[in-house]
Amino acid sequence: MSPRAGTSGPHTLAFVESPVQLLNVLEWAHAHAPHATEAGERAPGGGPDGASVRSAGAGLTLVVLSPNDPMTRGQLRRMAELARDEGHEVRWEEARGGTTAPFHTIGGLAPLLRRAHRIVMGDPFSRYVQLLLTITRARDLVVVDDGTATMEFVAQLARGERLVRWHRRGGRPGARDVLFAPVSSSARRRLTPSAGRRVEVFSSMPIDSAPDGVTITANDFSWTRARFGPPRITKGADLVGTSLVETGVVDPDRYLEAVRSLAKAHGATRYFAHRRESSDKLHRLAVETGLEIVRPDLPLELIARRGPIGRTILSFPSTVVHTLPLALVGTEVRVAVCDIDPAWLTETASPRAQGFLSGVTGTARDVHRLSSVATA
């Protein structure tokens with residue numbers, strides 16, 4: 001392991017399934033390093049992209065449970081390179097590469113899980129992660145951000161509820177939920193602090209209250225600011241895409257009209273696509289709005305910090321309305337968020353969707369709030 005990676009004491013094993021999770025593991029390691037680089041500090045001779053800056057982040061073994069989606073895999077590959085640059089060991093697992101892949105993955109990871117003293121995870125709702133938690137004997141458990149879902153995870157843990165993603169429709173659990181219920185219940189118990197188990201949530205999200213014994217540590221994106229930028233800022237506006245259509249929350253026609261209106265009102269020329277947005281939807285957006293569709297090869301926090309980026313960044317309720325102001329602190333970039341009109345929701349959207357999305361917008365700090373597209 002590279003000397004600059006430092007040490008995190010007991011062996012730490014991290015599991016990630018998305019680029020944002022991997023980014024936040026790097027932020028956690030940087031924040032917990034004995035001599036972490038101060039936010040914004042640049043090593044001698046550092047270039048404009050911060051390429052020569054290296055964190056003294058805590059050394060760990062980072063396991064990528066790779067999904068099948070090509071966009072996500074591409075971003076994960078790039079993030080894995082950055083993790084190796086920081087001195088961390090990266091283990092890539094084709095965890096979904098066929099019917100037998102999960103058995104091979106879990107079997108191969110079992111020895112590491114039993115030896116690990118600390119487990120860091122990006123998605124406690126993931127059935128894969130919940131299954132892995134049944135194997136480990138680790139007494140330190142850390143949850144890093146997987147976007148706004150972290151807010152819901154902490155709330156559900158505090159209420160003692162089963163772990164269910166916010167956008168899933170309410171009602172009776174399906175057959176797979178019933179079969180997996182014992183594993184999910186076991187994971188929830190393991191994520192509850194006890195005399196012999198410590199639980200930390202490392203988050204940039206606004207978390208008002210947490211269960212007794214859960215430590216909340218703020219993620220201020222100091223690694224991102226030390227490693228990249230400051231960015232070159234352009235005069236125009238950029239628009240950030242969302243996967244709310246793909247998750248069945250927002251009607252696609254209403255979404256397209258909202259994007260068109262926002263772009264026209266603010267003079268936006270670029271649309272940064274979410275990694276889960278469908279190619280058909282993006283093609284339609286390009287044709288009907290004239291926006292340049294950009295498929296980022298890294299999480300947007302790094303893209304924005306690296307630049308060039310518009311002076312105004314427009315977004316619907318999503319993780320970036322919380323993370324971009326932190327990543328871009330000290331710059332002149334303004335983040336503006338547009339509420340989701342209840343009329344945009346689909347008939348199959350979860351009853352909790354509107355309240356959750358309103359909460360995401362209402363709790364965002366250092367953003368300009370657009371009450372609707374009409375008033376943009």
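User: Which residues line the largest cavity?
Analyst: Val 20, Leu 23, Asn 24, Asp 145, Gly 147, Ser 204, Met 205, Phe 221, Glu 301, Thr 319 and Thr 323. A cavity here is a set of points on a 1 Å grid over the protein atoms alone where a 1.4 Å probe fits but cannot get out, and lining residues have an atom within 4 Å of a point. This is a predicted model, where local features need pLDDT of at least 70, side-chain atom pairs count only at pLDDT 80 or more, and totals for chains, interfaces and linings use all residues. Residues are numbered from 1 along each chain as its sequence is written, and side-chain values use heavy atoms, with hydrogens and water left out.

User: How much space lies in it?
Analyst: About 50 Å³. The volume is the space filled by probe spheres set on the points, which are joined across faces, edges and corners.

User: Which helix gives the most to that lining?
Analyst: Helix H1, residues 19–31, with three residues. Helices are DSSP runs (H or I, at least four residues) and strands are too (E, at least two), numbered from the N terminus.

User: Switching to the largest nonpolar core. Which residues touch the most other members?
Analyst: Leu 22 and Leu 62, in a core of 40 residues. H1 supplies the largest share of this core, six residues. Such a core is a set of buried Ala, Val, Leu, Ile, Met, Phe, Trp, Tyr and Cys residues joined through side-chain atoms within 4.5 Å. Buried means under 20% relative accessible area, exposed over 50%, partly exposed in between (1.4 Å probe, protein chains only).

User: What does Leu 62 touch?
Analyst: Leaving out residues up to four places away in sequence, Leu 62 touches Ala 14, Val 16, Leu 22, Val 25, Ala 83, Glu 89, Val 90 and Arg 91. Contact means heavy atoms within 4.5 Å.

User: Now the rings. How many aromatic pairs are there?
Analyst: Four. Rings of Phe, Tyr and Trp (its six-membered ring) pair if their centres lie within 6.5 Å; planes under 30 degrees apart count as stacked, over 60 as edge-to-face and the rest as tilted. Trp 223 and Phe 228 make an edge-to-face pair, 6.3 Å centre to centre with 80° between the planes.

User: Why does Trp 223 count as buried?
Analyst: Because its relative accessibility is 1%. Phe 228 is buried as well, at 5%.

User: How do Tyr 255 and Phe 316 pair?
Analyst: They are tilted, 5.3 Å centre to centre, with 50° between the planes. Tyr 255 sits in helix H8 (residues 252–266), and Phe 316 in the loop between strand E11 (309–315) and helix H11 (320–327), 61 residues apart. Both are buried.

Note on methods:
On a 1 Å grid over the protein atoms alone, a cavity is a set of points where a 1.4 Å probe fits but cannot get out, and a pocket is an open set with protein on both sides within 12 Å along at least five of seven lines; lining residues have an atom within 4 Å of a point.
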